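The sequence and structure come first, and the notes follow by topic.

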Amino acid sequence: MAATARIRLLASCYISPALYRAAPRHMRGPRSMCTLSTTLGSGADEDEIERIRREFEDAKRNYLSIPAAMKDMPKMDPQGLAVCSSRPLCPCLGMSGDGLTFAGLASWVSGIYVNKNVKLDDLQVYGFDYDYTLSHYSDHLQCLIYDLAKKHLVDEFKYPESCLQYEYDRRFPVRGLYYDKLKGCLVKLDFFGSIEPDGCFFGRRKLSPTEIKELYGTRHIGRDQVRQLVGLMDVFCFSEACLIADIVQHFVDAKLEFDAPYIYEDVNKAIQHVHRSGLVHRKVLAEPQKFLIKNSQVFRFLKTLREKGKKLFLLTNSPFYFVDGGMSYLLEDQHFDGNSWRELFDVVIAQANKPTFYNSDHPFRVYDTEKDTLAFTAVDKFLPSEVYYHGCLKSFLQITKWRGPEVIYFGDHLLSDLRGPSKAGWRTAAVIRELEDEIGIQNGDSYRFQQAKLSIIHDLLGKVHATVVSTEKGQVYRALLDELNAERHQCRSGMRNLFNSSFGATFLTDTGKESSFAYHIHQYADIYTSKLENFLSHAPESWLHPPHDIKIMPHNAKRQHVASLIVLYTSTPARSRRVCLVVHSSLDPPLMENHVVMATGFRVATAFG
């Protein structure tokens with residue numbers, strides 16, 4: 001039990017294991033540990049450096065003990081943290097595995113994550129994008145788009161035939177990258193607009209931090225300059241990002257002169273041609289079993305909404321024949337009350353030209369599905385039996401009389417799909433397929449092992465930097481700092497490679513901070529989830545809002561608060577009160593026990609070593 005308590009203390013990043021072991025047993029209680037580092041920090045700075053060196057060596061010898069203790073360390077919540085008024089649990093605790101983990105005012109809603117309060121009972125209208133929202137595709141689609149665009153570059157734009165040798169590499173791109181048209185670089189940015197040290201590529205070559213500084217002057221390019229970059233925010237951008245990098249690399253390898261903006265313009269035109277010409281649509285419909293992934297739960301979700309009396313509309317940039325063929329295939333095994341999937345929706349709008357749809361004055365046109373023509377009569381009402389093209393948000397609201405707050409729109413592209421509705425007052429929900437996989441990786445033993453190591457390194461680095469003021473930067477100091485930085489870089493690389501060896505995780509940077517993609521989710525998505533069917537687990541009167549203790553500003557981080565409580569295990573013995581075992585708390589034991597009993601009614605057992 002004492003060993004478990006010590007490793008949980010490490011996992012909470014309060015103090016390193018070496019420092020914990022260095023303390024006399026009478027100083028290992030929660031009140032004494034908070035002052036231990038200060039006590040050890042007294043004396044000559046040179047002695048302190050030597051102490052840190054011994055801690056580092058001790059920590060490296062004890063890395064092997066981390067895996068055995070990880071089974072007791074807390075994991076990320078794959079179910080989502082959101083208060084659900086229809087299914088309240090304990091007001092302060094959220095379920096996690098076989099035990100309980102302190103999670104603020106959070107109960108359990110499967111796989112749904114909330115940025116802004118949403119009362120689902122107030123939502124009367126549900127809107128959906130089609131591609132990667134209602135439909136989901138296999139990796140074959142990106143290969144197809146890449147190959148068709150590559151061929152167009154050679155056939156129409158007269159690029160060298162040697163470009164045809166390249167193939168789509170699904171391991172290279174991630175969502176949320178930016179392309180710098182002027183400099184020709186693919187970059188990954190963090191929440192504040194800084195370039196990741198290992199997230200800048202020219203072609204397929206990763207630039208070093210020194211090269212990034214020479215090219216940009218600084219890694220922090222800022223939000224204003226970010227607006228001048230091209231955001232690659234949806235899954236369709238994977239093939240575009242990969243093709244841009246491959247073409248740039250080809251010109252570099254062939255020692256051919258080129259202007260980076262021309263590469264982007266040509267590749268973008270080729271990608272647009274593949275979509276607008278219908279090439280990719282016809283290929284997909286010719287072999288739907290190869291490209292489309294069936295999911296009966298999507299149909300169940302739509303049908304459930306209809307049964308609850310909700311209004312549904314489809315708003316997509318794809319042409320109707322592509323949507324019709326795809327939906328017919330995806331739902332061919334389902335049983336309809338009517339004759340067509342279209343009867344699930346009150347309004348169907350195709351080729352909407354998002355994001356222009358949200359701020360233009362384009363009129364709606366009735367589309368003749370038999371003749372493939374557009375009518376010339378004005379549209380002043382929407383009929384379920386008709387299909388509409390183009391249009392704009394202004395006319396849509398005038399015709400439907402649907403108020404903004406009662407409408408929620410689901411999409412996968414944060415800028416094209418959700419930015420416009422968010423600004424217009426609609427509620428928004430992002431469908432991010434990568435979310436589930438990334439949470440799974442972060443809960444895996446390999447990631448958590450590196451994370452535990454990184455916590456130790458950060459603790460030691462903080463102590464080294466704290467001695468800078470009164471210590472000359474001698475050889476001993478520099479050698480220790482270099483070793484710690486090298487160890488930190490190794491940990492970060494190991495964590496990044498678990499996601500993507502080129503750019504790492506979609507939502508995180510190598511430093512563990514939120515990425516620019518996460519910034520856009522926070523800006524434009526009230527709710528985000530990995531799949532639509534996650535909403536099937538909630539009641540229609542649910543009220544979703546984020547945990548009260550989730551903050552962005554650092555000054556909101558709590559000290560000496562029950563939020564630092566770590567619960568290891570709970571049980572419900574027959575005919576007895578529930579017991580929770582607390583292995584760490586920033587509060588004194590009597591005060592901590594009083595907080596827990598008041599909040600949960602649990603009896604408390606402690607194990608502080």
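H19 and H20 are roughly antiparallel to each other (over 145 degrees; under 35 degrees would be roughly parallel, 65 to 115 roughly perpendicular and the rest oblique), because their axes cross at roughly 155°. The model is predicted: local features need pLDDT of at least 70, side-chain atom pairs count only at pLDDT 80 or more, and totals for chains, interfaces and linings use all residues. Residues are numbered from 1 along each chain as its sequence is written, and side-chain values use heavy atoms, with hydrogens and water left out.

**Helix pair H19 and H20**

- Helix H19 spans residues 445-466 and helix H20 spans residues 475-499; helices (H or I, at least four residues) and strands (E, at least two) are DSSP runs numbered from the N terminus.
- The two axes come within 9 Å; axes are lines fitted to C-alpha atoms, for helices over the stretch in contact, and angles run from 0 to 180 degrees between N-to-C directions.
- The crossing of H19 with H20 is left-handed, meaning that the near helix is turned anticlockwise from the far one by less than a right angle (clockwise would be right-handed).
- Contact (heavy atoms within 4.5 Å) involves residues of H19 including Tyr447, Leu454, Ile457 and Leu461, and residues of H20 including Leu481, Leu484, Arg488 and Met495.
- The contact residues divide into 14 nonpolar, six polar and four charged; Ala, Val, Leu, Ile, Met, Phe, Trp, Tyr, Cys and Pro count as nonpolar, Asp, Glu, Lys and Arg as charged, and the others, Gly among them, as polar.

**Helix pair H12 and H15**

- The axes of H12 and H15 come within 10 Å and cross at roughly 20°, so the two helices are roughly parallel to each other.
- This crossing of H12 and H15 is left-handed.
- From H12, His281, Arg282, Val284 and Leu285 meet Tyr321, Phe322, Gly325 and Gly326 of H15.
- By class, that contact has four nonpolar, three polar and one charged residues.

**Largest cavity**

- One cavity of 30 Å³ or more is present; on a 1 Å grid over the protein atoms alone, a cavity is a set of points where a 1.4 Å probe fits but cannot get out, and lining residues have an atom within 4 Å of a point.
- The largest cavity holds about 80 Å³ of space, a volume being the space filled by probe spheres set on the points, with grid points joined across faces, edges and corners.
- Its lining includes Tyr447, Arg492, Phe499, Leu508 and Asp510.
- H20 gives the largest share of this lining, four residues.

**Second largest pocket**

- The second largest pocket has a volume of about 1100 Å³; a pocket is an open set with protein on both sides within 12 Å along at least five of seven lines.
- Of its 38 lining residues, Asp234, Gln272, Asn317, Lys354 and Ser416 lie nearest the centre.
- Elements giving two or more residues to this lining include strand E10 (230-232), helix H10 (237-253) and helix H17 (414-424).
- H11 gives the most, with six residues.
- The lining of this pocket has 15 nonpolar, 14 polar and nine charged residues.

**Backbone geometry**

- Lys354 and Pro355 are joined by a cis peptide bond, with omega about 5°.
- Pro355 is in the loop between strand E12 (347-350) and strand E13 (364-368).
- Lys255, in the loop between H10 and H11, has a positive phi of about 55° although it is not a glycine.
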